[in-house]
Amino acid sequence: MFRRDGDSYHGVAFYNTSPKIIDFVKRHPIKPGRHTITARVALERRTIHVADLQADPEYKYVRRDVDPIRTELGVPMFRGNDLVGVNMLYKLVVQPFTDKQIELVTTFADQAVIAIENVRLFEEIQEKSRQVEEASKHKSQFLANMSHELRTPLNAILGYAELVLDGIYGDAPEKMRNVLERIQTNGKHLLGLINDVLDLSKIEAGQLVLSLNDYSIKDMMQGVYVAVEPLAGNKKLNFKLEVPPDLPAARGDERRLSQVLLNLVGNAIKFTDTGGVAMKASAANGSYTVAVADTGPGIAEADQAKIFEEFQQSDSTHTKAKGGTGLGLAIAKRIVEMHGGRLWVESALGSGSTFFFTVPLRVEHQAGKA
Amino acid sequence: MSKRILVVEDQEDNRQILRDLLGSVGYEMTEAWDGEAGVAAAKEQRPDLILMDIQLPLMDGYEATRRIKADPELKKIPIIVVTSYALSGDDGKAQAAGCDAYVTKPYSPRQLLAKIKEFLP
């Protein structure tokens, strides 16, 4: 079997062919012409059948053949209009192929083209997906580097602002203090954005490794409760933590899971103006379920899947006014999934939202890693 | 006599902030700009505490911390490592290197001071 490469045809597969012929064919790619049957098939783009090659006036190798080819059949292999190869059959005796045999070889050639094409497409897709993966890794690495570079000067800005506010450089007048506090607030917001981008890029680059330890889910939730209680208090929300006393010991990345919970509770408080927010935990069937329920505006069904995607928020003016990066939930979801768990929301417009996540009681291996 | 703190940090702004912060509460601050100089300064000056950045030229903060902690004459000097953002796993590496405490960047000067005072009452 010959395959076209540019304007010449190369022997690529042989069956029951003498080593001498294989060697010769491999060293001599064939260009379209009349000197061999392969060349002739390439030139005329049709099946060529020669009953006795030694009697063919145009065949170039008559005298040099020791063990001469007599009957030869060449069948073109077309992909559409493109001649991709030639299928050659030969005999060392004069014995023409029958019509039935020629038809069989033609059918075989057509099928072979399809098979070869499938393999080629498959390889192409593999190569493409490898390239995409590579590009995605570069992107994540770039984001990781960039967020580091962005943070360094921001550290200095926030650091100086705090020193001035603390009166290290002398008493700052009230007006100046207000401005400095604004610099701080905005700086911290910017920092939050950068950290979120970094988190996500690390996760995407597969660089986030969970640090799995034994922990108490009650203590973890208590810690989050204490951290955000002032925020709920400022908004006069009823803020509750309900954890049964007999929860089994957990294993997982406590800090990451409290990051998840902090995000969920932070959102709940942010979006709830009246009523309350409740955190609950339960254990059943080898898993913890943690729920964060609020009496906020609720999330339309159409938005419920979207909010877990990067840079997406529930699409209402209400939400836009609340700020946020739109990355927190995407990160939370990834972290829960890395624990082999699930994060979802149950909500309806006007009747509040409840975010749930489940994680196995004892996570011994990071999901997606051996 | 005032307590002496060695700051190993390559960024001028960060050094300036620490100078102003530590000076304001009466600490004496010395500086080294890279990890190798940090280890040398620790040997020479025997400070009361070392603030060690991680991303440093010549030798990173982990290695510098390891070397200081491996020196029997220096290992008692408390080292507070200043790591970059926590998600990178730097905190674990800092602990493995033998630091006594770590703060993550961006640290609030006020919080850093509280941490220093735990070691230098």
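Let's start where the two chains meet. About 1900 Å² is buried between chain B and chain A, and carbon and sulfur atoms give 59% of that area. Keep in mind that this is a predicted model.

Who takes part? On one side, 19 residues of chain B; on the other, 21 residues of chain A. Two salt bridges cross this interface. One of them pairs Arg110(B) with Asp166(A), at 2.7 Å from N to O.

Now look at chain B's side. Which helices each supply at least two residues to it? They are α1, residues 12-24, and α5, residues 109-119. The largest share comes from α1(B), with six residues. By type, the side of chain B that touches chain A has seven nonpolar residues, seven polar and five charged.

Side chains of opposite charge can pair when their charged atoms come close. Over all chains, the count comes to 31 salt bridges.

Take Arg34(A) and Glu58(A). Their side chains meet at 2.8 Å, N to O. This pair links distant parts of the chain, 24 residues apart. Arg34(A) sits in the loop between α1 (19-27) and α2 (37-44) of chain A. Glu58(A) sits in the loop between β3 (48-50) and β4 (71-79) of chain A.

The loop between β3 and β4 of chain A has another pair. Arg70(A) bridges to Asp52(A), with the closest N and O atoms 2.8 Å apart. Both residues lie in that loop, 18 residues apart. Arg70(A) has a relative accessible area of 25%, so it counts as partly exposed.

Further along, Glu364(A) and Arg362(A) form a salt bridge, with 3.8 Å between the closest N and O atoms. Glu364(A) is partly exposed at 46%, and Arg362(A) is partly exposed at 40%.

Some bridges share partners. Arg4(A), Arg79(A), Asp82(A), Glu117(A), Arg120(A) and Glu124(A) are joined into one network that way.

Last stop: Asn195(A). You will find it in helix α4 of chain A, residues 174-204. Why does Asn195(A) count as buried? Because its relative accessible area is 10%, and the cut-off for buried is under 20%. Its side chain makes a polar contact of 3.4 Å with the side chain of Arg151(A). Asn195(A) and Ala144(A) are 51 residues apart in sequence, yet their C-alpha atoms are 9.5 Å apart in space.

Methods. Residues numbered from 1 in each chain as written. Chains lettered and ligands numbered in written order. Predicted model: local features only at pLDDT ≥ 70, side-chain atom pairs only at ≥ 80, totals over all residues. Heavy atoms only, no water. Contact = heavy atoms within 4.5 Å. Buried area = accessible area lost by both parts, 1.4 Å probe. Salt bridge = Lys/Arg side-chain N within 4 Å of Asp/Glu carboxyl O. Helix = DSSP H or I, 4+ residues; strand = E, 2+ residues; numbered from the N terminus. Nonpolar A, V, L, I, M, F, W, Y, C, P; charged D, E, K, R; others polar. Buried < 20%, exposed > 50% of the residue type's maximum accessible area, 1.4 Å probe, protein only. Polar contact = N/O pair within 3.5 Å; in protein donor to acceptor, adjacent residues only side chain to side chain.
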